[in-house]
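Dear colleague,

I am passing on the structure below, together with some notes on the charged side chains that pair in it. Please have it open beside you as you read.

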Amino acid sequence: MDAEITIRVADELLMFLPAARREPVRRVPYDGTSTLGHLVESLGVPLPEVGPMTVGGEPVDAAFRPRDGDEVLVGAVPRPQPVPLEPAQVAPRFLLDVHLGTLARRMRLLGLDTAYHNDMDDPALVVQANEEGRVLLTQDRGLLRRRALWFGAYVRGSRPDDQLRDMLERFAPALRPWTRCTACNGGLVAVDKTEIERELEAGTRRSYDVYGRCERCGQVYWRGAHGDHLEEIVRDAVRLVADVRGHAGAPDGTAGAADGAAGGTGRAEAAVSE
C-alpha cells in the first residue's frame, strides 16, 4: 500500500487550492523523501502564506519530512505578521509588483516606504526586495514560490480599498501620513509659497497658502478639492492599524499617529484613486 499523509489546511488558505479540490482535508500520496514545504506547495499554497504547522501536536517547519500516516495541520500566517527591521526602522519597507500601482500610491500617502515599478520582471523584483530588505507584495503566486525571495506576501482583493485593508491588517505598520510623494516615494518637505508660486496656476495661488514639495522629484502638493477623500483614506487606515495592534497587544504609540508633515494633498488625489 502506498504511503499517505493527511494535510488539514486552514480556511484562510483554501483560496490557494484549485477550485475542484478546495477542501480543508486532503490525503496526499507521500514518497517518503519530500519535505513538508514541498508537499504544501504542491497543493497550491505558497510558503510565504503558511504560518504554524504541527504534526501530532508538535510544531514542525517546512524542512520536516513526515512519515506514513502523519496528520499535518497547516495554519495561516498570524496577523499582524512581524517583519525583521533594522535598528533605525520603524516600519517595514515594501516593494510592489506591476499590478499594484494604485495600492503603492495609497501606501505612500500613508508614509510607507513603497517602491514600485511598472516595467520590472520577476527576477529583478526578487533582487531588489532582497538587497533593500523590502517585503514583496504581489498577487502572483508563482513569484511567491521563488526560493530566493527573503520575504513576500500575497495581497488579497481586487479593489484598491480591499488591498489596502488586507495589507494593513497583515502588517499593522507604523504610519506617517502626508510625508511621502505618491508619485515617486520621495520625502515631502514644507515649502514657502513664494518659492513655488511661479509653478502654480493663478487659481491655486489665490486659493491655497500651505504647500509641500518632494525632495526627490520636485512635485508640489497642496490641499486640493479632493482633500476630504484622501483625509478619509488616512483616517480609516490609522484607525484600522490602531485596532489591529490593540487586539494584538502591541505597545501604545507604535501604530503611528497621523503625523502631518509637508503640505497637503491636491495633486496627490489622481495618484491614489485611479
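Glutamate 169 has a relative accessible area of 25% in this predicted model, so this residue is classed as partly exposed. Its side chain meets that of arginine 79 in a salt bridge, with a distance of 3.9 Å from N to O. Because glutamate 169 belongs to helix H5 (residues 160-171) while arginine 79 sits in the loop between strand E5 (71-76) and strand E6 (93-96), the pair ties together parts that are 90 residues apart in sequence. Arginine 79 is likewise partly exposed, at 35% relative accessibility.

A second salt bridge joins glutamate 86 to arginine 93, and here the closest N and O atoms are 3.0 Å apart. The two partners fall into separate classes: glutamate 86, with a relative accessible area of 45%, is partly exposed, whereas arginine 93, at 17% relative accessibility, counts as buried because the limit for that class is under 20%.

Arginine 223 and glutamate 231 form a further salt bridge, whose closest N and O atoms are 3.0 Å apart. In this pair arginine 223 is partly exposed at 34% relative accessibility, and glutamate 231 is partly exposed as well, with a relative accessible area of 30%.

Notes
Residues are numbered from 1 along each chain as its sequence is written. This is a predicted model: local features need pLDDT of at least 70, side-chain atom pairs count only at pLDDT 80 or more; totals for chains, interfaces and linings use all residues. Side-chain values use heavy atoms; hydrogens and water are left out. A salt bridge is a side-chain nitrogen of Lys or Arg within 4 Å of a carboxyl oxygen of Asp or Glu. Helices (H or I, at least four residues) and strands (E, at least two) are DSSP runs, numbered from the N terminus. Buried means under 20% relative accessible area, exposed over 50%, partly exposed in between (1.4 Å probe, protein chains only).
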